[in-house]
Amino acid sequence: MSDKEGLILQGCGGDLQEWADGINSALIDTEILRHTAFEKMYVFENEGHTNIMFPFDDVELDIGKLAMWRLQTHEQFGGTWLSDYVPNKLGGFIEEQPAQEQKKPDCPLIGQDSNIYNLMGIASKTLKRNGMAEQAKEMCDRITSSGDYNKALCIIGEYVNITSVDDDEPEESEDEGMEVTMN
């Protein structure tokens, strides 16, 4: 919910449906909510209090009027914004860390014998040399069950960066062609 906003009311005891109906009624009567009502609410406990969060998704509201209402009723409802409550009361949003994508190793397949088993073997050895033995086995299993040469090549490309055998040779320096041997 780190990219969402909502209204949090703190210390909401009793029937939660009464809270939802009462808040919707008050906000519609003051023309803060327009043509809609809060249909969703999230209830959670913190510091021994029952709290309700009304998300701003799918509601049409006058945010300026809501801000004034929140300030005027703060003593009564402890109203605050989700974006203020989470960092100040809960220590912040938990950020989902993207899975670290393991770098694909370079594998010189262009210029090799194009037999799929040969290419699979070279790619498998490259993966194993780079500490990716599980991926090597997975790749080989997928290739052998693919039943199609082109699919097999695509599978290899998912695991390694396909390079040319010429890329592995050291580049000839400009001065080497000019070298003269003196006897």
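**Reading burial, cores and helix packing**

Author: Let us begin with N115, which is partly exposed at a relative accessible area of 38%; on this scale buried means under 20%, exposed over 50% and partly exposed in between, computed with a 1.4 Å probe on protein chains only. The model is a predicted one, in which local features need pLDDT of at least 70 and side-chain atom pairs count only at pLDDT 80 or more, whereas totals for chains, interfaces and linings use all residues. Residues are numbered from 1 along each chain as its sequence is written, and side-chain values use heavy atoms, with hydrogens and water left out.

Reader: In which loop does N115 lie, and how far apart are N115 and Y149 in space?

Author: N115 lies in the loop between strand 5 (106-110) and helix 5, where helices (H or I, at least four residues) and strands (E, at least two) are DSSP runs numbered from the N terminus. Although 34 residues separate N115 and Y149 in sequence, their C-alpha atoms are 9.3 Å apart.

Reader: How many helices and strands does the protein chain have, and what share of its residues is buried?

Author: There are eight helices and six strands in the protein chain, and along the sequence they follow the pattern β-α-β-β-α-α-β-α-β-α-α-α-β-α. Of its 183 residues, 33% are buried. A contact means heavy atoms within 4.5 Å; among the contacts with a separation of 6 or more, 61% join residues 24 or more positions apart.

Reader: How should I read a nonpolar core, and which residues of the largest one touch the most other members?

Author: A nonpolar core is a set of buried Ala, Val, Leu, Ile, Met, Phe, Trp, Tyr and Cys residues joined through side-chain atoms within 4.5 Å. The largest here has 19 residues, and L9, I23, L27, F38, L66 and W69 touch the most other members. At least two residues of this core come from each of strand 1 (6-10), helix 1 (16-29), strand 3 (49-55) and helix 2 (63-72), with helix 1 giving the most, namely four. A second, separate core contains 18 residues, including I122, M132, C140 and V160.

Reader: What does F38 touch, setting aside residues up to four places away in sequence?

Author: With those neighbours left out, F38 touches N24, L27, L33, F54, P55, F56, V59 and L61. M41 sits in the loop between helix 1 and strand 2 (42-46) and is partly exposed, with a relative accessible area of 26%.

Reader: Is G79 buried or exposed, and what does it touch?

Author: G79 is buried, because its relative accessible area is 1%. Its place is the loop between helix 3 (74-77) and strand 4 (80-81), and, not counting residues up to four places away in sequence, G79 touches I8, L9, R70 and H74.

Reader: How many disulfides does a search of the whole structure find?

Author: A disulfide is a pair of cysteine sulfur atoms within 2.5 Å, and the search finds zero.

Reader: How do I read the packing of helix 5 and helix 6?

Author: Axes are lines fitted to C-alpha atoms, for helices over the stretch in contact, and angles between N-to-C directions run from 0 to 180 degrees. Helix 5 (residues 116-129) and helix 6 (residues 133-146) pack at about 165°, with their axes 8 Å apart. That makes the pair roughly antiparallel, since angles over 145 degrees count as such, under 35 as roughly parallel, 65 to 115 as roughly perpendicular and the rest as oblique. Helix 5 contributes I116, Y117, M120, A123, S124, L127 and K128 to the contact, and helix 6 contributes A133, Q135, A136, M139, C140, I143 and T144.

Reader: Where is S124 found, and with which residues is it in contact?

Author: S124 is in helix 5 and is buried, with a relative accessible area of 8%. Leaving aside neighbours within four places in sequence, S124 is in contact with A136, M139 and C140.

Reader: At what angle do helix 6 and helix 7 pack?

Author: Helix 6 and helix 7 (residues 149-159) pack at about 165°, with axes 9 Å apart, which means that they are roughly antiparallel. Q135, E138, M139, R142, I143 and S146 of helix 6 meet K151, A152, I155, I156, E158 and Y159 of helix 7.
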